[in-house]
Amino acid sequence: MKLVIDPRRCKGCNLCVKVCPYRIFRPGRRPNERGVVVPELDRPERCANCRLRRLYGRTICGVCQLTCPDQAIRWEEEEAYEPRKVAVEY
Ligand code: SF4
Ligand code: SF4
């Protein structure tokens, strides 16, 4: 699972920055084309949902998503890593 912020919905209120117990959200630095400073993610793989939701089949934390007034936070499925054969010529 991968944590994402939808920049089209976020209004830059930084509530997510305040509530995450792992401090995964950091205040953003630059306004986007809508003039909104969207928070940045600091190593989102530390998030309990990113790491454990697939394993336990339920939401483990989700406080940020519950708090966000604009439903801008969600988790996306990630493609499984597929190793590919590499031809090495000598
Ligand atoms: S709580 Fe939602 S709207 Fe507010 S800054 Fe975070 S993602 Fe954006
Ligand atoms: S689900 Fe919990 S740990 Fe994960 S980013 Fe949101 S508040 Fe932080």
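Predicted model: local features only at pLDDT ≥ 70, side-chain atom pairs only at ≥ 80, totals over all residues.

Modeller: Residues are numbered from 1 along each chain as its sequence is written, while chains are lettered from A and ligands numbered from 1 in the order in which they are written.

Colleague: What pattern does the protein follow along the sequence?
Modeller: Its secondary structure comes to 3 helices and 4 strands. Those are DSSP runs numbered from the N terminus, helices being H or I with at least four residues and strands E with at least two. Read along the sequence, the pattern is β-α-β-β-α-α-β.

Colleague: What radius of gyration does the protein have?
Modeller: The value is taken over C-alpha atoms, and the globule rule is 2.2 Å times the number of residues to the power 0.38. A compact globule of 90 residues would come out near 12 Å, but this protein has 16 Å.

Colleague: Which residues come nearest to ligand 1?
Modeller: Being near means that a residue's C-beta atom, placed from the backbone, lies within 6 Å of the molecule. There are 14 residues around ligand 1, and the nearest are Cys10, Cys13, Leu15, Cys16 and Cys68.

Colleague: And how many charged residues are in the shell around ligand 2?
Modeller: Ala, Val, Leu, Ile, Met, Phe, Trp, Tyr, Cys and Pro count as nonpolar, Asp, Glu, Lys and Arg as charged, and the others, Gly among them, as polar. Ligand 2 has 13 residues around it, with Cys20, Cys47, Cys61, Val63 and Cys64 closest. The shell holds 11 nonpolar, 2 polar and no charged.

Colleague: Which residues have the most contacts inside the largest nonpolar core?
Modeller: A nonpolar core is a set of buried Ala, Val, Leu, Ile, Met, Phe, Trp, Tyr and Cys residues joined through C-beta atoms within 7 Å. Buried takes 20 or more other C-beta atoms within 10 Å of a residue's own, exposed 12 or fewer, partly exposed in between, with C-beta atoms placed from the backbone. The largest core has 13 residues, and those with the most contacts are Cys16, Cys64 and Ile73.

Colleague: Is Arg43 buried or exposed?
Modeller: Arg43 is in the loop between strand 3 (40-41) and helix 2, and has a positive phi of about 45° although it is not a glycine. Because Arg43 has 10 C-beta neighbours inside 10 Å, it counts as exposed.
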